[in-house]
Amino acid sequence: MVGLEFVCPTGQGARSSAAKMTSRVPSYLEKDEDEEEEEDEEEMINATEVKMSQIVMPCHSNHRQELSVGQLLKWMDSTACLSAERHAGSPCVTASMDDIHFEHTISVGQVVNIKAKVNRAFNTSMEVGIQVSCEDLFSDRHWRVCHAYATFVTQRTNTGQKVILKPIIPHTQKEQVEYSLAAERRRVRMVHDDIIKDLLSHGSDQQEKQTISLCLLNCVVSRETRVESVELVLPPHANHQVNTFGGQIMAWMVNVAMIAARCRHTRAHTF
């Protein structure tokens, strides 16, 4: 069962009560509580933030009793999509996800905490930052798992019109940094796409011959590692829009890649 935590503003009465309580404690304690209240207010400002917590069950794990990467990608994509749709006020789909580096594995029984929020909105697309951490409830340990950036786009309305996104206003220094870096990351993505297209369309004859030879060599070498998968889209594979979502597609891709890497090539366990 997915748990969502939504940050709600504190009422005026609650602030008055807190002020009365702290007036009777030493000054150094008052300072600490004031700092905590300021941090809470900073978290309340961002209305696009979505938090999800999941306990890893055996059905979420692989043969090593560790959380499947595909399942984690599904949770990450779902959390990020909720954040994007909260800002857009309309259905959104995953356009792309940047490279992800997983720092730790997650075992059955541990809790996965995922936090997503929109870093910056452009015309019809937006960048969503995703932070994944893990905790062990019995040892009270917390550690970081990965940090990812996903791009979401809005779907057209029933009349075929594009949904223009309202801008994100950063309020904290950390949000300002992410806001500025989001534009640079978007520029890098676009430059990368242009470079790949240029290489594919303007290669010389010699480069084309080398590419063809390399492809033929790869076909011979990778014949044993080739894996194909055909999936029938069923209701469990759909999201709230009744469509197959990016996280599910990435989970299928991970499963096929794991079979090719582990069973057909290395003959050993892979991560």
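The structure holds 1 cavity of 30 Å³ or more. This is a predicted model, in which local features need pLDDT of at least 70, side-chain atom pairs count only at pLDDT 80 or more, and totals for chains, interfaces and linings use all residues. Residues are numbered from 1 along each chain as its sequence is written, and side-chain values use heavy atoms, with hydrogens and water left out. There are 9 salt bridges in the structure, a salt bridge being a side-chain nitrogen of Lys or Arg within 4 Å of a carboxyl oxygen of Asp or Glu.

**Cavity**

- The largest cavity has a volume of about 100 Å³; on a 1 Å grid over the protein atoms alone, a cavity is a set of points where a 1.4 Å probe fits but cannot get out, and lining residues have an atom within 4 Å of a point.
- A volume is the space filled by probe spheres set on the grid points, which are joined across faces, edges and corners.
- Among the residues that line the largest cavity are Lys117, Gln131, His147, Tyr149, Glu175 and Glu178.
- Strand β4 gives the most to this lining, with 4 residues, and β4, β5, β6 and α4 each supply at least two; helices (H or I, at least four residues) and strands (E, at least two) are DSSP runs, numbered from the N terminus.
- By class, the lining of the largest cavity has 3 nonpolar, 4 polar and 5 charged residues, where Ala, Val, Leu, Ile, Met, Phe, Trp, Tyr, Cys and Pro count as nonpolar, Asp, Glu, Lys and Arg as charged, and the others, Gly among them, as polar.

**Lys117 and Glu175**

- Two residues of the cavity lining, Lys117 and Glu175, form a salt bridge with their closest N and O atoms 3.9 Å apart.
- Lys117 lies in strand β4 and Glu175 in helix α4 (residues 173–201), so this pair ties together parts that are 58 residues apart in sequence.
- Both Lys117 and Glu175 are buried, Lys117 at 18% relative accessibility; buried means under 20% relative accessible area, exposed over 50%, and partly exposed in between (1.4 Å probe, protein chains only).
- The C-alpha atoms of Lys117 and Ala80 are separated by 7.0 Å, the two residues being 37 apart along the chain.

**Other salt bridges**

- Glu103 pairs with Arg144 in a salt bridge whose closest N and O atoms are 3.4 Å apart.
- Glu103 is in the loop between β3 (92–97) and β4 (111–121), whereas Arg144 is in strand β6 (residues 141–154), so the pair ties together parts that are 41 residues apart in sequence.
- Glu103 is partly exposed at 45% relative accessible area, and Arg144 is partly exposed at 46%.
- Within helix α4, Arg187 and Glu184 are 3 residues apart, about one turn of the helix, and form a salt bridge with closest N and O atoms 2.6 Å apart.
- Arg187 is partly exposed at 45% relative accessibility, as is Glu184 at 36%.

**Second largest pocket**

- The second largest pocket has a volume of about 550 Å³; a pocket is an open set of grid points with protein on both sides within 12 Å along at least five of seven lines.
- Its lining holds 21 residues, of which Ser96, Asp98, Thr151, Arg189 and Asp193 lie nearest the centre of the pocket.
- Helix α4 supplies the largest share of this lining, 7 residues, and β3, β5 (125–136), β6 and α4 each supply at least two.
- The lining of the second largest pocket divides into 8 nonpolar, 6 polar and 7 charged residues.

**Nonpolar surface patch**

- Val191, Ile195, Ile196, Leu199 and Leu200 form a nonpolar patch on the surface, with about 490 Å² of accessible area together.
- Patches are made of residues with over 30% relative accessible area and no salt bridge, like charges being joined within 9 Å and nonpolar side chains (Val, Leu, Ile, Met, Phe, Trp, Tyr) within 5 Å.

**Positive phi**

- Most residues other than glycine have a negative phi.
- Gln65, not a glycine, has a positive phi of about 60°; Gln65 sits in the loop between β2 (50–55) and α3 (69–88) and is partly exposed at 43%.
- Val242 also has a positive phi, near 60°; Val242 sits in the loop between α5 (205–221) and α6 (246–266) and is exposed at 67%.

Definitions and conventions: Areas by Shrake-Rupley, 256 points an atom, 1.4 Å probe, with all protein chains shown as cover.
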